[in-house]
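I opened my notebook to get to know a new structure. Here is what I looked up, entry by entry.

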Amino acid sequence: MIKAIGLTKIFRTDEVETTALDHVDFEVKKGEFVAVMGPSGCGKSTLMNILGMVDNPTGGQYFFDGMDVSRYRESKLTEMRRGNIGFIFQSFNLIDELTVFENVELPLVYMGVRESVRKKKVESLLERMKIGHRRRHFPQQLSGGQQQRTAIARAVVSGPKLILADEPTGNLDSKNGIEVMNLLSELNREGTTIVMVTHSERDSGFAHRLVNLFDGRIVHENTGKEQVPDFREETAF
């Protein structure tokens, strides 16, 4: 589904040149769940921005669904992102002025989906996420776990091919964190491809494959990671 060849990203100022990604080769097949780990400043966020088409590489190629999008203009990247990629962030990134329903509905509004179809799809998804009773609440009225469930619902409501999750449990307690990881695993089992940045050994255990970044390079890749922690079923959806 996604493939990076010699991916390089250099940030330049008048005085400093910083290499965030250094000739990274990276591939994720359809239906995989891949965890990316590494210390702060190793290039994880830069990699996610390029995979999510919110930034262009300085060098190398990035293929999404067989198309080289490395040099696409912003307007074309925006078009490619819409309906294809869902984002989940540590800080939730919900819009405070919108209700839970309106936050989840927003991607469908941008896609021009009819109101009747939007309503049915959002209502069904909120019930699945167990936040249907909070549909008229605003983000500030929700717990951290409920906010992240809302953010996940917003990310998947358009049926994206790829979910990019950046520390999805970073602001959650252990119980809510496990519930979120169970939900991501369920979405993956249903066919959604997931790439997740995490510092959590527990969370990385839910992935099929673990990639370690250091100083902008992939230094280790575990291609045989198939075991999921025993607590996965404790709070299964």
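I began with an open sheet of four strands, in the order 2-1-4-5 with antiparallel pairing; strands pair if DSSP finds at least two bridges between them. Strands (E, at least two residues) and helices (H or I, at least four) are DSSP runs, numbered from the N terminus. This is a predicted model, where local features need pLDDT of at least 70, side-chain atom pairs count only at pLDDT 80 or more, and totals for chains, interfaces and linings use all residues. Residues are numbered from 1 along each chain as its sequence is written, and side-chain values use heavy atoms, leaving out hydrogens and water.

Strand 2 pairs with strand 1 (residues 2–12) over eight antiparallel bridges, and I10 has T19 as its bridge partner.

Then I looked for the largest nonpolar core and found 35 residues, with F33, M129, I152, V156 and L184 having the most contacts inside it. Such a core is a set of buried Ala, Val, Leu, Ile, Met, Phe, Trp, Tyr and Cys residues joined through side-chain atoms within 4.5 Å; buried means under 20% relative accessible area (1.4 Å probe, protein chains only). Another core, of 28 residues, lies apart from it and includes L21, I50, Y62 and M80.

Last came confidence: pLDDT (the predictor's confidence in each residue, from 0 to 100) averages 89, and 94% of the residues score at least 70. Over residues 225–237 the pLDDT is below 50.

Note on methods: Buried means under 20% relative accessible area, exposed over 50%, partly exposed in between (1.4 Å probe, protein chains only). Contact means heavy atoms within 4.5 Å.
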